[in-house]
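Subject: Structure for your review

Dear colleague,

Please find below the structure that I am handing over to you. My notes on what was found in it follow directly after.

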Amino acid sequence: MIHYYIYHFLHLLRRVFLNFIVLVGLLAVGVIPYTASAQKSAKSKKSGTISFTKQVLTDEFIAEGVAVGDVNKDGKVDVLAGAYWFEAPSWKKHEITKPEKFFYEKGYSNAFISQTLDVNLDGWLDFVRVGFPGKEVTWFENPKQQAGYWPAHIIHNTVGNESAGFFDVDGDGKLDLLGGNSITGQMTWFKPPVSPENLNWQQIAISKAKSPGSEPFSHGLGVGDINKDGRPDVIIKEGWWEAPANPMQPDWTFHPANLGEACAQMYAYDFDEDGDQDVVASSAHGLGIWWYEQTRNEQGTPQWNRHVISNAFTQTHGLAFTDINSDENPDLVTGKRYFAHMGKDPGEFEPPVLYWFELKPGKTPTWIPHLVDNNSGAGVHVVTQDVTQDKLTDIIIANKKGVFVFKQERK
């Protein structure tokens, strides 16, 4: 009997160790977003003045979101957007599916937010594309260097919220799809296949029907450990769903909170270093980038006090949360979405700028703005990853101005 328990104890230790190795690997390549549980980066510190070199992959409007990954297994990080993938380092354009023509001043594309994942577990990165809000999410199967379009598979026909995207909802070190089920009005996460023999995505509804944040054109969505219990909660501007011990459980507990107006991606972090989690968000169509300080009233009920980070430009419809300058503090990267509503939003005709905001945490946290570019802006999400493999975080965007890589340099 003693041998039995020793065997199973050693087996458990082996599983924990292997999961830890996988998690470290995913963090190293930027697959898992920067969260409160990963506040201290493993990146080596590099000094020097930061600048960015702009690379234009295309000036055609093909998508409002972008993904990165080594598509052809040549050891280089490629860029994927809309109907194309761009082969690094020359950024040669290849078709994933039949391209469509989109006009920046007349409408939208069929590609909002994107991600690379090995969906069918064959060792090759596939392309997952969230379409127009409330429409389908499709994964395109990597043909493994074979000619022709990538086979397309529908994950779900109606996924809502304009910041629907990819987060590790169940804490297993792998990305899941999170968004609203526009038919039922439930916030839902979709777990990708766990076996090549069954390629269905499992659906787990965490909210009741007709919940806030689930409509096609809802704004504001994120994942972060709000109550610091070690579990990733789901955040919307109306409040947050508390993750249960078993994330596969439906109908999570919802905590109403006033986290501002229509915004982009949302993140949780202890910005003022007082021991609780705060929230950061940015205005999707209006003016403002804010952080919401979590405090308590006399009854011990959480309160959220809004503080302005910047009012320099409008339409910050994509917000990334990452350590740009290697100081182990998560910075913000955002820009002005170009022609979000075809000229009808405030500040629409001002320069489409791209900025990173350097965080100085503390009792009164501050963010130092740094201009990256004044003729690109952002789409509906911003990708930050070391695509040039020099241990510096680059910025990758797609929007109505085109597709761009901003290579970080230090001197």
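**Strand 15 and its sheet**

Strand 15 (residues 233-236) is covered on both of its faces, with D233 and I235 buried on one side and V234 and I236 buried on the other. Please bear in mind throughout that this is a predicted model.

Strand 15 has a partner in strand 14 (residues 221-224), to which it is joined by three bridges in an antiparallel arrangement. Within this pairing, D233 of strand 15 is the bridge partner of G224. Strand 15 also pairs with strand 16 (residues 239-242), again antiparallel and over three bridges. There, G239 of strand 16 is the bridge partner of I236, and a hairpin of two residues connects strand 15 to strand 16.

These strands belong to an open sheet of eight strands with mixed pairing, ordered 17-16-15-14-18-19-20-21. Its edges are formed by strand 17 (253-256) and strand 21 (302-314), each of which pairs on one side only. From one strand to the next, the twist averages 20°.

Strand 6 runs antiparallel to strand 7 (residues 126-130), and five bridges join them. In this pairing, I113 stands opposite V130 of strand 7.

In soluble globular proteins, nonpolar side chains tend to be buried together. Here, the largest nonpolar core has 20 residues, and V66, V79, A81, F86, I396 and V403 have the most contacts inside it. At least two residues of this core come from each of strand 3 (78-81), strand 4 (84-87), strand 27 (394-399) and strand 28 (402-410). V403 illustrates the setting: leaving aside neighbours within four places in sequence, its contacts include L57, I62, V66, V79, A81, F86 and I397. Another core, of 17 residues, lies apart from the largest one and has I113, I155, F166 and F190 among its members.

**Aromatic rings and charges**

The count of aromatic pairs comes to 24. One of them, between Y84 and F86, is tilted, with 6.3 Å from centre to centre and 45° between the planes. Y84 and F86 are both buried. Another pair is formed by F271 and F321, whose ring centres are 6.1 Å apart and whose planes stand at 75°, so this pair is edge-to-face. F271 is in the loop between strand 18 (265-269) and strand 19 (278-282), while F321 is in strand 22 (residues 319-322), so the pair ties together parts that are 50 residues apart in sequence. Both F271 and F321 are buried. They also belong to a cluster in which ring pairs link Y267, Y269, F271, W291, F321 and W367.

Two lysines are placed over ring faces. K106 lies over the face of F103, 5.0 Å from the ring centre, and K401 lies over that of Y338, 4.9 Å from the ring centre.

**A buried glycine**

G335 is part of strand 23 (residues 331-335). Is G335 buried or exposed? Its relative accessible area is 0%, and since buried means under 20%, G335 counts as buried. Leaving aside neighbours within four places in sequence, G335 is in contact with F313, Q315, T316, H317, G318, V353, L354, G377 and A378. The C-alpha atoms of G335 and Y355 are 5.8 Å apart, although these residues are separated by 20 residues along the chain.

**The chain overall**

Of its 411 residues, 54% are buried. Among contacts between residues at least 6 apart in sequence, 50% join residues at least 24 apart.

With kind regards

How values were computed
Residues numbered from 1 in each chain as written. Predicted model: local features only at pLDDT ≥ 70, side-chain atom pairs only at ≥ 80, totals over all residues. Heavy atoms only, no water. Buried < 20%, exposed > 50% of the residue type's maximum accessible area, 1.4 Å probe, protein only. Helix = DSSP H or I, 4+ residues; strand = E, 2+ residues; numbered from the N terminus. Pairing = 2+ DSSP bridges. Axes fitted to C-alpha atoms, helices over the stretch in contact; angles between N-to-C directions. Phe/Tyr/Trp six-rings, centres within 6.5 Å; stacked < 30°, edge-to-face > 60°. Lys NZ or Arg CZ within 6 Å of the ring centre and 35° of its normal. Core = buried A, V, L, I, M, F, W, Y, C linked by side-chain atoms within 4.5 Å. Contact = heavy atoms within 4.5 Å.
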